[in-house]
Amino acid sequence: MKIGSSMLACAGLLALSCVSGFAQQATGVLGSPGATTTIDGKRLPQPDPQFGGVIKEKASESQPWWSPRIVPPHGAPNVLLIMTDDAGFGAPGTFGGVVPTPALDRIANEGLRFTNFHSTSLCSPTRAALITGRNHHVAGFGVVGEIATGYPGYDSIIRKENGTIGTILKEHGYATSWFGKNHNTPFYQASQAGPFDQWPIGMGFDYFYGFVGGDASQWQPNLFRNTTAIYPFEGNPGWNLTTAMADDAIQYMKQLKEIAPDKPFFVYYVPGGTHAPHHPAPEWVKKISDMHLFDEGWNKIRETIFANQKRLGIMPENAKLTPWPKELPEWDSLNLEQKKLFIRQADVYGAYLAYTDNEIGRVIQAVEDLGELEDTLIIYISGDNGASAEGMVNGTPNEFTTFNGVPVPVKDQYLWYEFWGSDRTFPHFSAGWAWAMGTPFKWMKQVPSHFGGTAQGMAMSWPGHITDSGGIRRQFHHVIDIVPTILEATGIAAPDTINGAKQRAIEGVSMMYAWDKTNADAPSARKTQYFEMLGNRAIYQDGWVAATTPATLPWELSTETPPDVITGYKWELYNVAVDPTQFDDLAVKMPEKVKEMQALFYSEAAKYDVLPIDNSTLARWNAPRPSLTAGRTEFTYSGELSGVPKSAAPNILNRSYTITAEVEIPEGGAEGMIVTEGGRFGGYGLFLSKGELGFGSGKIVFLYNLLDLKRTAWEGPTLDAGMHTIVFDFKSDGPGLGKGGTGVLSVDGKEVARNSLEHATPVTFPEDESFDVGLDTRSGVAMIEYRYDAPFKFTGKINKLNFKLDEEAKAKP
């Protein structure tokens, strides 16, 4: 019997939704190996169908029956969902910026540019909203996971009621994959011990190739294939993740289409660029530097970008350029030393943006080369939030100085000037550039109240379906609108349940109505949208925005007590329907409208898990949360162990501690790492030195690296063959964050070195590094003295390694 597109024999297919009024699309003979069917998808995974054949005692008298393969609806496209990182609205050339972005241009020219599209203002919240179609608090990411708190809107858990677009498409027959940044696995579940249900492979993605966390070196990243750490950069000079992940995605799509040409793909492609560290390939640094794009400084750049935006139609003619903030220096007030450094910072950033876009372009070209471009919906979002000011006022050669509240003077940064962007740096540009990259808006990343923090340039194409090539759309939309757009484009309905969990309604609205040229000026389908991050907040409704004035500066790690989260904020009011840049504050003129909008915000906040509103930062960073190490003061290891994230490692910060290693040295001596956490940009290591040309090898060393600014070493003798006990005992001068102390290195019960630390790391070691025993993955803690190359395996034997931690020294934030 042939199966028609609107009818299936219900015998054996009761679980495939053979219900009145549902028309399935199916091919092949029912029960044959090649039969396919669509599903209604209300219940995912689709229950197994009943056996539809005949079973007798003899096979010769029986009839086999195969379940039909589940496929998407006829005509459902491939989906390539691209999002870059920390790119301000005015950074890419496609949206008026000075940095060329031809891949984004391509999608915009073949499809549409959306100029009023918004994020949450911070990375993992935007990403959770993007893949679930729910508001970021509903998806558990009211803030980045590193400062999660124990409330439903802030616990960094994507609950089972919020199934991802990956899960939905996978269950409808798509091949699903995730390349690049994963900032949605709770940090305390990011170790080899799992659980893995909050990793990409547990959230509906068949394949994952990328890093876990907020950022990663592009030269030595914390890279995973599915849940296994991999190190392709070892012994591979010049390797860069930005290119490597494009290579991997291209190979993935090629392999899929050669093996299963009719199986559509959903590729979620989210590179680390342009989040710090700014790590472009060197040829891109030269290319952009030679263009002298940033030589006139950030104030002039803003004027240039704004003029470009009006010329391109990105901004309407009546739009006004918002003023420069008094808290940041004007370019003309800087001296030559500052200008030279800041131009270098911007050149490397621009190179990273151009390089990232170039590699995205290779992925898009691969889709065309596979003959799939006509059948692929491509969505390219420029940034997951506004440009980042996390380099502080002067920028930094090492982003982790910012996270630890340590500014680096301009003159000191010249030590890294020639190497800016290489693996010798973990660089970030000055906050002045962040404000400029958000042109024409005010503020930047972390600030949800103003469009400088939330406006993202976005382009969308699907040949034959989006026909207004090069068109511009000004309707107000939000990242939660991407999931329903994909579902409508694929003809797939949102499920009622996934794995037995009743699904919360998807809160986004489809953007497909805007594809038609006749709807170019149609009213936005999104009428209301709240914003909240770190206590700062805003509410949009029908062309009006009420917003709080930020009480803290995103380029400073403030230790001051924040204002009262409800009463301590001033509110602003904008009619963005006629004032798209939030230039004219109408709050004083229209106080009743402000009150109306405030009431709406708190109504939305109660509805979407925003409460309780919390404007603390450092206190939340140091707050207790689930952990594999919580409450433990002793840790024991032996042999080799690598790639353990800091959440599962002994935390030596802000406390006294003792490390004891029982090792066995072979005849002829040994070298290598005994234990380490961190790397070039901060951390510590206990190891036997490598030496040079056979001299100085085998000495016992404890090295403490303070954010690549200062290294302190304790050195003992070369260890002879046999059993030895090595002890490093550190007594903190605390309580208090970043207090120094005195360390004593002993071998076999005899003190061999004593030294003091003036300051220790107060908040965090680099999050893209790991805790390793018996080797050192990624980058090494030493630089010149005691330098070694990873993995620097210990050539002796570690019989026992013990950490004993004192109670953490408490300090008021």
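I looked up where the lining of the largest cavity comes from: domain 1 (78–520) and domain 2 (634–805) each give at least three residues. This is a predicted model, so I'm reading computed values here.

I checked the volume of that largest cavity next, and got about 310 Å³. Its lining has 21 residues, and the closest to the centre are Ala 190, Val 212, Gly 213, Pro 645 and Glu 767. Sorted by type, the lining residues of the largest cavity come out as six nonpolar, nine polar and six charged.

How many cavities of 30 Å³ or more are there? I count three.

Moved on to the second largest cavity, with about 60 Å³ of space. I noted its lining residues, among them Ile 652, Tyr 657, Tyr 704, Phe 730 and Lys 739. Seven of the lining residues of the second largest cavity are nonpolar, two polar and two charged.

The structure has 54 aromatic pairs.

Trp 199 has a relative accessible area of 1%, which is under the 20% cut-off, so it goes down as buried.

I also traced a cluster linked by ring pairs: Phe 294, Trp 298, Trp 324, Trp 331, Phe 342, Trp 433, Trp 435, Trp 443 and Trp 555.

Last, charges over rings. Lys 287 sits over the face of Trp 284, 3.9 Å from the ring centre. Arg 424 sits over the face of Phe 419, at 4.2 Å from the ring centre.

Key
Residues numbered from 1 in each chain as written. Predicted model: local features only at pLDDT ≥ 70, side-chain atom pairs only at ≥ 80, totals over all residues. Heavy atoms only, no water. 1 Å grid on protein atoms, 1.4 Å probe; cavity = no way out; pocket = protein on both sides within 12 Å on 5 of 7 lines; lining within 4 Å. Points joined across faces, edges and corners; volume = space filled by probe spheres on them. Nonpolar A, V, L, I, M, F, W, Y, C, P; charged D, E, K, R; others polar. Domains from an automatic or database assignment. Phe/Tyr/Trp six-rings, centres within 6.5 Å; stacked < 30°, edge-to-face > 60°. Buried < 20%, exposed > 50% of the residue type's maximum accessible area, 1.4 Å probe, protein only. Lys NZ or Arg CZ within 6 Å of the ring centre and 35° of its normal.
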